[in-house]
Amino acid sequence: DEKSFEAASSSRPVSKVVSLLQGMKEQLESEAAEEAELMEKYNCWCKENGEAKEKAILEATSRIEEWENRIAELSAMSSRLGTEYKNLQEEVDKNQGSMDE
């Protein structure tokens, strides 16, 4: 009697819907576990790469400051040497003029 009841209830539309919903629930739980694992890996990747990128940015910023200082030094030297060259050229021209007389 019980077996015929189970057979009759399993063929009912409501039983099919309940079975379908249970299958969907299991699938969703499985997908949620997979997504949680992927999210954990993604967060780990972001943390590791974020720290590396932050370090690289700090190092690059430091190098930029060093190069800016070096450029300023060389620009000052260039200006000084340009002035010295001009003065020496004037002196050479003056000496050349003295020799020509």
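**Notes on a predicted helical model**

1. The protein's accessible surface comes to about 9500 Å², and 57% of it belongs to carbon and sulfur atoms. Such areas come from the Shrake-Rupley method with a 1.4 Å probe; for residues, only the protein chains shown count as cover.

2. Keep in mind that this is a predicted model: local features need pLDDT of at least 70, side-chain atom pairs count only at pLDDT 80 or more, and totals for chains, interfaces and linings use all residues. Residues are numbered from 1 along each chain as its sequence is written, and side-chain values use heavy atoms, with hydrogens and water left out.

3. On to the fold: there are 2 helices and 0 strands (DSSP runs numbered from the N terminus, helices being H or I with at least four residues and strands E with at least two). Of the 101 residues, 1% count as buried (under 20% relative accessible area; exposed is over 50%, partly exposed in between, with a 1.4 Å probe and protein chains only).

4. Now look at M24, which sits in helix α2 (residues 13-100). M24 is partly exposed, at 43% relative accessible area.

5. Which rings form an aromatic pair? The count comes to 1 pair, made by Y42 and W45, which are stacked at 6.5 Å centre to centre with 25° between the planes. The rule: rings of Phe, Tyr and Trp (its six-membered ring) pair if their centres lie within 6.5 Å, and planes under 30 degrees apart count as stacked, over 60 as edge-to-face and the rest as tilted.

6. Y42 and W45 are 3 residues apart in helix α2, so about one helical turn separates them. Y42 is partly exposed at 47% relative accessibility, while W45 counts as exposed at 52%.
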